[in-house]
Amino acid sequence: MHSYSDEPIPHPPIAVPLLRAQHLSKRFGGVHAVNRAAISVPQGSITGLIGPNGAGKTTLFQLLSCFLQPDEGEVWFDGHPIHTLQPHQVATRGLVRTFQVARALSRLSVLDNMLLAAQRQTGEQFWNVWLRSHQVAQEERQQRERAWELLERVGLAAKAQDYAGSLSGGQRKLLELARSLMVNPKLILLDEPAAGVNPTLINQICDHILTWNRQGITFLIIEHNMDVIMSLCDRVWVMAEGRNLADGTPAEIQQNDQVLAAYLGQ
Ligand SMILES: Nc1ncnc2c1ncn2[C@@H]1O[C@H](COP(=O)(O)OP(=O)(O)OP(=O)(O)O)[C@@H](O)[C@H]1O
Ligand SMILES: [Mg+2]
């Protein structure tokens with residue numbers, strides 16, 4: 001028989017959400033793109049977000065990363081409310097996103113695209129240039145080193161001086177991913193990292209995500225490629241018509257009749 005001692009009973013570790021949102025809504029005219037949706041992304045996880053075209057996934061990302069203000073609801077990141085902040089403010093706190101259509105600046109070199117992502121450090125404030133020029137120079141050197149290291153990691157170092165516009169669709173996705181790592185993020189939101197990418201590069205992208213996740217970065221990933229979702233994600237959230245439809249393990253989601261019906265009905 002189990003006997004109770006005076007010692008406190010140890011609690012199992014609770015998965016702390018790094019990002020959570022509830023009651024989020026966003027309307028565009030008559031379209032209720034996000035309709036009282038919620039999501040929770042545990043610290044250290046790779047969480048998936050799926051749903052048919054037009055389900056509101058990208059709009060939800062816009063709200064989570066503060067590119068759009070919600071009509072109602074709240075977003076908490078790392079223990080603080082963020083829904084009233086600007087995108088650069090949440091990026092400074094460690095929440096960054098990539099875009100469904102990669103946003104590399106075509107007329108800039110691949111390396112400069114990387115360095116641009118690291119702006120808003122000391123060097124951006126002109127008085128710092130005067131007061132702390134040594135520190136600014138050192139920071140720039142560190143950013144360059146980090147940019148080269150990341151480009152090497154994703155296999156784009158040989159293209160560092162090329163225009164970003166000369167990259168293939170898949171290489172642009174790799175650049176977006178590498179760029180998001182420039183600010184030492186805690187959480188990266190990836191909007192369709194495998195869309196338009198050939199199978200070899202998809203595998204590479206998945207490997208990078210897994211490696212960075214093991215190094216402590218949390219991911220929330222929108223993706224239509226179910227192989228990618230099933231192989232990467234610990235947990236999957238499903239949206240349809242702006243609302244939460246289901247959430248669970250990839251295996252649970254695969255067997256969920258409502259999810260299947262939402263996809264067939266699109
Ligand atoms: N800026 C906007 N202005 C007007 N309507 C918009 C805007 N952005 C999104 N919508 C509409 O909101 C709904 C949700 O769009 P959203 O892009 O969030 O869907 P999604 O789940 O990301 O779709 P997909 O899988 O095709 O990328 C759609 O009906 C879309 O047409
Ligand atoms: Mg989208």
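H1 supplies three residues to the shell around ligand 1, the largest share. This is a predicted model, in which local features need pLDDT of at least 70 and side-chain atom pairs count only at pLDDT 80 or more, while totals for chains, interfaces and linings use all residues. Residues are numbered from 1 along each chain as its sequence is written, and chains are lettered from A and ligands numbered from 1 in the order in which they are written. Helices (H or I, at least four residues) and strands (E, at least two) are DSSP runs, numbered from the N terminus.

**Ligand 1**

- Around ligand 1 there are 12 residues, of which Phe28, Ala33, Lys57, Thr58 and Thr59 come nearest; a residue counts as near if its C-beta atom, placed from the backbone, lies within 6 Å.
- Strand E2 (31-42) and helix H1 (57-64) are the elements that give two or more residues to this shell.

**Helix H5**

- Helix H5 has 21 residues (133-153), which at 1.5 Å a residue should span 30 Å, and its end C-alpha atoms are 30 Å apart, in agreement; the expected span is 1.5 Å times one less than the number of residues.
- Ala147, Leu150 and Leu151 of H5 are buried, that is, 20 or more other C-beta atoms lie within 10 Å of their own, against 12 or fewer for exposed residues.
- The buried residues of H5 fall within an arc of 95° seen down the axis, so they line one face of the helix.
- The face turned away from the buried side carries exposed residues, including His134, Arg141 and Glu149.
- Gly155, which follows H5, has a positive phi, near 80°.

Terms used
The arc is that of the directions from the helix axis to the C-beta atoms.
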